[in-house]
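Hi everyone, thanks for making time this morning. I'd like to walk you through one model, so please have a look at the screen.

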Amino acid sequence: MKFIIDTEENIAKKAAQRYVELLSRNPDAVLGFATGSTPLGLYAELARLCGEGKVSFRDVTSFNLDEYAGLDGSHDQSYRYFMNHNLFEHIDIDVSRTHVPSGLDIAAAEAYDKAIEEAGGIELQLLGIGNNGHIGFNEPGTPLDSITHLVDLTEMTRKANARFFTSLDEVPTQAVTMGIKTVMNARSIMLMALGKGKADIVKASFTGPVTTLVPASILQLHPSVEIYLDYDAASLL
Ligand code: F6R
């Protein structure tokens, strides 16, 4: 594991450079994207760089980590909507080659890993981290061999994400997420965490034991992981 620790602004810039380098070498790379507040600075930076012609996503295929069950892609809290509005509309990606698990056709989850494999496998998977160590929506206790599947969200996760909805009641109780195995199959992984609120779980995940009770700790077993942290998230390391 390699740690990159800097200010929030520089973390976004350095993470964006990772994409610039990767796509200059491998313009048709398969990328795994994440939602949530953490990657917003990175996505803004990618949009800026793409606008300036410094990076192109023209030949990229992408797969997102997860989607809320029950939300259609036009719902303003769906992760499809998030990706369209925060990244895809601002870069030159072909939206028909972007994939987000369906929140409505749950049975389609079974085919998601196969589609990733058929596309050539994910070159670089971006991850955030939940306060309980979840990656994607793989909550504590998710088996190592899990592939894309339907999950029950914990109360902790629903409460953490309620900030984006008008009330807690509106936060879906389930989601479709890539599994731990799906994530670990990516050739490289980039995890980002920002803020003091993530310091405890960052410490537990990357300096503590590898356990399914802290899903992000499993990343210690992956051969190519970069952890991008601001000073607050890294403060307990
Ligand atoms: C998002 C995802 C989640 C988030 C995590 C952190 O697609 O799968 O694991 O990365 O919940 O969310 P933020 O960035 O909002 O703190």
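Predicted model: local features only at pLDDT ≥ 70, side-chain atom pairs only at ≥ 80, totals over all residues.

Residues are numbered from 1 along each chain as its sequence is written, and side-chain values use heavy atoms, with hydrogens and water left out.

Now to the pocket. Strand S4 (66–68), helix H3 (79–86) and helix H5 (155–161) each supply at least two residues of the lining of the largest pocket. H5 gives the most to that lining, with four residues. A pocket here comes from a 1 Å grid over the protein atoms alone: an open set of points where a 1.4 Å probe fits, with protein on both sides within 12 Å along at least five of seven lines, and lining residues have an atom within 4 Å of a point. The largest pocket holds about 600 Å³ of space, the volume being the space filled by probe spheres set on the points, which are joined across faces, edges and corners. It has 34 lining residues, and Thr-35, Gly-36, Ser-37, Asn-161 and Arg-163 are the closest to its centre.

Next, helix H1. This helix covers residues 8–25, 18 residues in total, and reaches 26 Å from its first C-alpha to its last, close to the 26 Å expected at 1.5 Å a residue; the expected span is 1.5 Å times one less than the number of residues. Its buried residues include Ala-12, Arg-18, Tyr-19 and Leu-22, where buried means under 20% relative accessible area, exposed over 50%, and partly exposed in between (1.4 Å probe, protein chains only). The buried residues of H1 pack against several elements, among them helix H2 (40–51), strand S6 (124–127) and strand S9 (188–193).

What about the cores? A nonpolar core is a set of buried Ala, Val, Leu, Ile, Met, Phe, Trp, Tyr and Cys residues joined through side-chain atoms within 4.5 Å. The largest has 61 residues, and Tyr-19, Leu-42 and Leu-191 are among those touching the most other members. H1 gives the most to this core, with seven residues. A second, separate core of eleven residues includes Phe-165 and Val-171. Back to Leu-42: leaving aside neighbours within four places in sequence, its contacts (heavy atoms within 4.5 Å) are Ala-12, Ala-15, Ala-16, Tyr-19, Leu-126 and Met-192.

Is Ser-188 buried or exposed? Ser-188, in strand S9, counts as buried because its relative accessibility is 11%. A polar contact of 3.1 Å joins the side chains of Ser-188 and Ser-224; that term means a pair of N or O atoms within 3.5 Å, and within protein one must be able to donate a hydrogen and the other to accept it, with residues adjacent in sequence counting only if both atoms are side-chain atoms. Beyond four places in sequence, Ser-188 also contacts Arg-18 and Glu-123, among others.

Glu-123 sits in the loop between helix H4 (109–118) and S6, and counts as buried because its relative accessibility is 18%.
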